[in-house]
Amino acid sequence: MKIYFHPDFLKHYAFDPAAEPGRLEPALAALERKYPLHEPQSAVEDDILLVHTPRHWLSIAKDQLLHHTALLAAGAAKAAAETAAGGEHAFALCRPPGHHASSDSCWGFCYYNNIAVAVSSLLDRKMIDSALIVDFDLHFGDGTANIFKRNDAVFFWHSRESAPTLFLEALENDLEKYNPNIIAVSAGFDRGVDDWGGMLNIKHYHRIGALLARSARQKCGNRLFAVLEGGYNPRALAANIEAFLQGMEEE
Ligand SMILES: [Zn+2]
């Protein structure tokens with residue numbers, strides 16, 4: 001398991017819940033105890049333009065700190081994807097999140113679509129020829145779905161099930177249906193019992209990690225990575241990320 005993190009993710013780059021001071025510190029402390037952390041390089045313009053318009057790039061670039069942080073987050077996702085392409089699990093502890101960023105617009109505390117940049121970068125370099133993106137955030141990743149809607153090589157999964165058992169069943173059953181080269185995860189923890197969704201506990205997140213790791217082992221040579229999306233209660237976020245990664249490792 002490789003964890004990608006950059007100290008600049010702690011900076012207050014915007015006024016929104018994802019950029020809130022103190023949001024990532026407990027998760028960072030928890031992961032630091034268990035794993036070596038790897039600093040990602042920033043994504044560059046060519047990476048971003050794989051999925052976004054030049055106009056969108058220019059609109060984000062107006063704000064220097066936001067742009068810097070958003071490029072680092074896309075870079076962390078890209079690094080995690082490259083590690084996963086080699087058969088090792090990876091997680092990007094990063095912000096801003098990305099799954100509400102479409103090609104030419106964004107909302108919901110997202111600016112560049114980190115997971116879309118990461119997957120597109122592997123596809124572009126022919127390191128993979130298909131991907132399954134599993135988005136278990138409370139909110140539908142409309143940006144990701146928009147970006148890949150005409151791309152037959154990328155499948156997008158999200159469930160609106162509001163009961164934990166049904167949610168886990170849906171994930172387990174649906175994972176059987178796909179045969180991707182890699183599983184990319186938009187890991188949003190705002191469905192947590194102590195978060196906005198009030199639904200999933202640490203056992204559920206552990207199970208999600210295990211289901212994804214099992215599927216990756218059986219279907220795509222262990223190629224699995226996850227990128228942080230939502231999750232707004234700092235302590236719960238830390239515990240949920242830890243449980244999810246443990247599930248990935250124990251499978
Ligand atoms: Zn969300």
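Predicted model: local features only at pLDDT ≥ 70, side-chain atom pairs only at ≥ 80, totals over all residues.
Q: What makes Leu237 count as buried or exposed?
A: A residue is buried if 20 or more other C-beta atoms lie within 10 Å of its own. Leu237 has 26 other C-beta atoms within 10 Å, and is therefore buried. Its place is in helix H9 (residues 234-250).

Q: Which residues is Leu237 in contact with, leaving aside its neighbours within four places in sequence?
A: Contact requires C-beta atoms within 7 Å. On that basis Leu237 is in contact with Pro26, Ala27, Phe189 and Gly231.

Q: Why is strand E4 (residues 131-135) described as largely enclosed by the rest of the structure?
A: Strand E4 is so described because 5 of its 5 residues are buried. Ala131, Ile133 and Asp135 point one way, Leu132 and Val134 point the other way, and all are buried.

Q: How do you know that E4 pairs with strand E5 (residues 154-157) and with strand E6 (residues 183-187)?
A: Pairing requires at least two bridges between the strands. E4 is joined to E5 by 4 bridges, the two running parallel, and E4 pairs with E6 over 4 bridges, also in the parallel sense. Val134 has Trp157 as its bridge partner in E5 and stands opposite Val185 in E6. Leu132 stands opposite Ile183 in E6.

Q: What kind of unit do E4, helix H6 (residues 142-147) and E5 make?
A: Together they make a right-handed β-α-β unit. The crossover is called right-handed because, with the strands pointing away from the viewer, the path from the first strand over the helix to the second runs clockwise. E6, helix H8 (residues 202-219) and strand E7 (residues 224-228) also make a right-handed β-α-β unit.

Q: Why do strand E2 (37-38) and E5 stand at the edges?
A: The open sheet of 7 strands has the order E2-E1-E3-E7-E6-E4-E5, with parallel pairing. E2 and E5 each have a single partner strand, so one side of each is left without a neighbour in the sheet.

Q: What makes E7 mostly covered, and which strands pair with it?
A: In E7, 5 of the 5 residues are buried. Leu224, Ala226 and Leu228 lie on one side and Phe225 and Val227 on the other, and both faces are covered. Strand E3 (residues 90-92) pairs with E7 over 3 bridges in the parallel sense, and Phe91 has Ala226 as its partner. E6 pairs with E7 in the parallel sense over 5 bridges, with Ser186 opposite Val227.

Q: Why is helix H7 (residues 164-175) called roughly parallel to H8?
A: Angles under 35 degrees count as roughly parallel. H7 and H8 pack at an angle of about 5 degrees, with their axes 10 Å apart. The angle therefore makes H7 roughly parallel to H8. The contact is made by Pro164, Leu168, Leu171, Glu172 and Leu175 of H7 and by His204, Arg207, Ile208, Leu211 and Ser215 of H8.

Q: Which residues touch the most other members of the largest nonpolar core?
A: Of its 77 residues, these are Ala77, Ala80, Leu93, Val119, Ala184 and Val227. Helix H4 (residues 64-85) gives the most to this core, with 12 residues. Not counting residues up to four places away in sequence, Ala80 touches Tyr4, Ala90, Phe91, Ala92, Ala118, Phe225 and Val227.

Technical notes. Residues numbered from 1 in each chain as written. Buried ≥ 20, exposed ≤ 12 C-beta atoms within 10 Å, placed from the backbone. Core = buried A, V, L, I, M, F, W, Y, C linked by C-beta atoms within 7 Å. Contact = placed C-beta atoms within 7 Å. Axes fitted to C-alpha atoms, helices over the stretch in contact; angles between N-to-C directions. Parallel < 35°, antiparallel > 145°, perpendicular 65-115°, else oblique.
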